[in-house]
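Welcome! Please take a moment to look over the sequence and the structure before reading on.

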Amino acid sequence: MADQHDHDHDHSHDHDHAHEETSEPKVVGELPDLTKGTARPITVFGNPVLHREVKTVTEFDAELATLIDDMFVSMYAAEGVGLAANQIGVDAKVFVYDCPDDDGVRHVGHVINPVLEELPAGRRQLDDSAEGCLSVPTAYMELARPDFAAVTGQDKHGNPIRVEGTGFYARCLQHETDHLYGYLYIDRLSKRERKDALKQMAEGTPRYATVAND
Ligand SMILES: [Zn+2]
């Protein structure tokens, strides 16, 4: 995901939790070693790799570890809070994230072969905050999504994992899982809103390297 909402979010928290500003945010997860990865350019709307389900990962090897390293570096270079493998052109179900929740807790990690859990009816509270995507550069649109999400999958060693969260982090987990099944957030908008987002993209210039479409 792009980082626009992140800033808005932090700003609103400044008023409520001004006393927390001096302390480091709590981190859940393992911070990546950024000396290992290489930034790769970001694929954008129209590139076929973004518009179909990508492949399930079956080999939990050094190549996968390198992919995750590259994805973290690419995500930070583009100032995103989440990145799916097909956003750097790789046909594999992997996403990485470094994303705050609504309590200001910073969640960092990766998920292989993610599957979004069906929510019990009682947990379907919708949040309609703005959302952006590195693959739809410079566009932001409000999109209602459940404010809680849980994802099961595997870590880079093949061990089963489950992550869950609220607020912006919940939005991130849903957005990144969608990517790996071929959906962009704009595919969840009305026809008119989708058109508006694509117009914003056409009129803007991304601040990071992208892959040109044919
Ligand atoms: Zn995205």
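Below is a short tour of the fold and the metal site.

## About the model

This is a predicted model, in which local features need pLDDT of at least 70 and side-chain atom pairs count only at pLDDT 80 or more, while totals for chains, interfaces and linings use all residues. Residues are numbered from 1 along each chain as its sequence is written, and side-chain values use heavy atoms, leaving out hydrogens and water.

## The overall fold

The protein chain has four helices and ten strands; helices (H or I, at least four residues) and strands (E, at least two) are DSSP runs, numbered from the N terminus. In sequence order, they give the pattern α-β-α-β-β-β-β-β-β-β-β-β-α-α.

The C-alpha atoms of the protein chain fill a box of roughly 45 × 40 × 40 Å, taken along the principal axes. Of the 214 residues in the protein chain, 46% are buried, where buried means under 20% relative accessible area (1.4 Å probe, protein chains only).

## The zinc site

Which residues coordinate the zinc ion? They are C133 (through SG), H175 (through NE2) and H179 (through NE2), at 2.0 to 2.3 Å. Donors here are N, O and S atoms within 2.8 Å of the metal (3.2 Å for Na, K and Ca); because water is not among the atoms, sites may look incomplete. Along the chain, the donors of the zinc ion follow the spacing C-x41-H-x3-H.

Both H175 and H179 belong to helix 3 (residues 167-180), where they sit four residues apart, about one turn of the helix. H175 is buried, with a relative accessible area of 1%, and H179 is buried too, at 0%.

Conventions:
Buried means under 20% relative accessible area, exposed over 50%, partly exposed in between (1.4 Å probe, protein chains only).
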